[in-house]
Amino acid sequence: MVRFDQVSKRYAGGKEALSGVSFELDRGELAFLTGHSGAGKSTLLKLMMLMERPSRGQVFVDGQNLNRLRQGQVPYHRRKVGVVFQNHQLLFDRPVYDNVALPLQIAGYSPLDCARRVRAALDSVGLLHLEQRNPIELSGGEQQRVGIARAVVNKPSLLLADEPTGNLDPELSAEIMNLFVRFQQVGVTVLIATHDIALIERMGKRRLILDHGQMGGDLHVGNAG
Ligand SMILES: Nc1ncnc2c1ncn2[C@@H]1O[C@H](COP(=O)(O)OP(=O)(O)OP(=O)(O)O)[C@@H](O)[C@H]1O
């Protein structure tokens, strides 16, 4: 589903954020991405969603070499990739429903299709009953679940998360991680960047480790897929 082939990324005027990174993620696999601050985790995720381009090497998502995508194809690629951020990036001046519907409205779905998909996404994160509430009235964990509903509303085949539990206590963090596992169980490929080593160890999933821009290890923890 995802393949990095000798990928390097140097930002303009900066040092190399990624150096010769190669790895693969199978379809329907869930893996964690860890590493010290500045190791290159966010950069690696940004390359997959085409927020950045590699300086060298190739990134494949769903068989597509992203270097070969024309600018006009970028929106179609982005629909295949759901993204969850630590700070939710929700719009606080409109209800939960509208926040989740936003990607569909941009993609031009009819209001009826939109309603069906938004409710399915909210149901999948257990928030159907809060659709008319404003995100500002919700707890941190609920806000993060709204962010996840928005990320999956387009039914992406790849779900990326950058520190999705950064502000949450251990119990809520575990709940959020279990949601990601549920998406994996229905065939979504999931990659989660996190500092939360204790949580990763409890989850027993594959762990990709970045160290100063290099993929320093690839551990399969426990026996869960
Ligand atoms: N837009 C940019 N321009 C220049 N340098 C950048 C840019 N984005 C990231 N960097 C640099 O690239 C390196 C990797 O950054 P990145 O954000 O990918 O690391 P990270 O592992 O996600 O860190 P953190 O855990 O702190 O979020 C760092 O040295 C960072 O300063």
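Residues are classed here with Ala, Val, Leu, Ile, Met, Phe, Trp, Tyr, Cys and Pro as nonpolar, Asp, Glu, Lys and Arg as charged, and the others, Gly among them, as polar. The model is predicted, so that local features need pLDDT of at least 70 and side-chain atom pairs count only at pLDDT 80 or more, whereas totals for chains, interfaces and linings use all residues. Residues are numbered from 1 along each chain as its sequence is written.

The secondary structure of the protein amounts to seven helices and 10 strands (DSSP runs numbered from the N terminus, with H or I over at least four residues for helices and E over at least two for strands). The radius of gyration, taken over C-alpha atoms, is 17 Å, close to the 17 Å that the globule rule (2.2 Å times the number of residues to the power 0.38) gives for 225 residues, so the protein is as compact as a globular protein of that length. The C-alpha trace spans about 45 × 40 × 35 Å along its principal axes.

Around the ligand lie Tyr11, Gly14, Ala17, Gly35, Ser37, Gly38, Ala39, Gly40, Lys41, Ser42 and Thr43, a residue being near a molecule if its C-beta atom, placed from the backbone, lies within 6 Å of it. This shell comprises three nonpolar, seven polar and one charged residues, and its largest share, three residues, is supplied by helix 1 (residues 41–48).

Two packed helices are described by the angle between their axes and the distance between the axes. With axes fitted as lines to C-alpha atoms over the stretch in contact, and angles running from 0 to 180 degrees between N-to-C directions, helix 3 (residues 96–107) and helix 5 (residues 140–152) come within 7 Å and cross at roughly 30°. Helix 3 is therefore roughly parallel to helix 5 (angles under 35 degrees). In this pair, Val96, Asn99, Val100, Leu102 and Pro103 of helix 3 meet Val146, Ala149 and Arg150 of helix 5, contact requiring C-beta atoms, placed from the backbone, within 7 Å. By class, the contact of helix 3 with helix 5 has six nonpolar, one polar and one charged residues.

Helix 5 also packs with helix 6 (residues 170–185), at an angle of about 15° and with the axes 10 Å apart, which makes helix 5 roughly parallel to helix 6. Helix 5 contributes Gly141, Gln144, Ile148 and Val152 to the contact, and helix 6 contributes Leu172, Glu175, Ile176, Leu179 and Phe183; the residues of this contact divide into six nonpolar, two polar and one charged.

Technical notes
Parallel < 35°, antiparallel > 145°, perpendicular 65-115°, else oblique. Contact = placed C-beta atoms within 7 Å.
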